[in-house]
Structures are given as C-alpha cells and as structure tokens.
Amino acid sequence: MTEMVIALLLLVNNEITEARIQTTLNECLKGKRIANRGASENVEYRCIKSMAELETNIDGSLSIKKLIIN
C-alpha cells in the first residue's frame, strides 16, 4: 500500500537508517526536539512529508517499508 505520510527520519552520516510514521507534523517536530537532546554530531533527525510504501505489522500497526522521494 502506498500513502502520503509524515515521517521522522534518523540519519547517520547522511544515510537514512530509520523512518517512523508520525500522525502530525507537530508530533514529528516534538519527537525531533527530544531526540536531538542526546544525539551525537554524526546523527541528525528530520521530519518530512513524502509518499511511502507501507506494510502492516503483526499487531495491525503500519510501518514504512520504503520511502518514495522525488
């Protein structure tokens, strides 16, 4: 399933290592602020709005399988 999502990205050395779906941009920015408090210099957090290929987890929640960045 492909959908438009707001995602909080974890970048290590400018490579995306993790992407988490956020319900709102506000929630994403709050998570980014909290995560940046303990981040080292080669770690960066970003909020983006993008198309993503999603998959359903065993508990019924959705997670990002692949980001579609234009």
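User: How many bridges join strand E1 to E2, and which way do the two run?

Analyst: This is a predicted model. Seven bridges join E1 (residues 2-12) to E2, and the two strands run antiparallel. Pairing takes at least two bridges. Seven bridges join these strands, so they count as a pair.

User: What makes E1 and E2 a hairpin?

Analyst: Two residues lie between them. In that turn, Asn 13 has a positive phi of about 55 degrees.

User: Which residue of E2 is the bridge partner of Ile 6?

Analyst: Gln 22 is the partner of Ile 6. Gln 22 belongs to strand E2 (residues 15-22).

User: Why is Gln 22 called buried?

Analyst: The cut-off for buried is under 20% relative accessible area. Gln 22 has 13% relative accessibility, so it counts as buried.

User: What does Gln 22 touch, leaving out residues up to four places away in sequence?

Analyst: Its contacts are Ile 6, Ala 7, Leu 8, Glu 27 and Cys 28. Contact here means heavy atoms within 4.5 Å.

User: In what order do the four strands form the sheet?

Analyst: The order is E2-E1-E3-E4, in an open sheet with antiparallel pairing. E2 and E4 are called edge strands because each pairs on one side only. Neighbouring strands are turned by 50 degrees against each other on average, direction ignored.

User: How many bridges join E1 to E3, and how many join E3 to E4?

Analyst: E1 and E3 are joined by 11 bridges and run antiparallel. Six bridges join E3 (residues 43-56) to E4, also antiparallel. Thr 2 stands opposite Glu 53 in E3. Glu 53 also stands opposite Lys 66 in E4.

User: What packs on the sheet?

Analyst: Helix H1 (residues 25-36) does, touching E1, E2 and E3. The direction of H1 makes about 135 degrees with that of E3.

User: How many residues lie between the strands in the hairpin of E3 and E4?

Analyst: Five residues lie between those strands. Gly 60 takes a positive phi near 95 degrees in this hairpin.

User: Where is Leu 62, and which residue is its bridge partner?

Analyst: Leu 62 is in strand E4 (residues 62-68). Its bridge partner is Thr 56.

User: Why is Leu 62 called partly exposed?

Analyst: Partly exposed lies between the buried limit of 20% and the exposed limit of 50%. Leu 62 has 37% relative accessibility, so it counts as partly exposed.

User: How far apart are the C-alpha atoms of Leu 62 and Ile 21?

Analyst: They are separated by 7.9 Å. Along the chain, the two residues are 41 residues apart.

User: What makes Met 1, Ile 21 and Leu 62 a patch?

Analyst: A patch needs residues with over 30% relative accessible area, and nonpolar side chains are joined within 5 Å. Ile 21 has 31%, and Leu 62 has 37%. With Met 1, these two form a nonpolar patch on the surface. Together the three have about 250 Å² of accessible area.

Methods:
Residues numbered from 1 in each chain as written. Predicted model: local features only at pLDDT ≥ 70, side-chain atom pairs only at ≥ 80, totals over all residues. Heavy atoms only, no water. Buried < 20%, exposed > 50% of the residue type's maximum accessible area, 1.4 Å probe, protein only. Patch = residues over 30% accessible without salt bridge, like charges linked within 9 Å, V, L, I, M, F, W, Y side chains within 5 Å. Areas by Shrake-Rupley, 256 points an atom, 1.4 Å probe, with all protein chains shown as cover. Salt bridge = Lys/Arg side-chain N within 4 Å of Asp/Glu carboxyl O. Axes fitted to C-alpha atoms, helices over the stretch in contact; angles between N-to-C directions.
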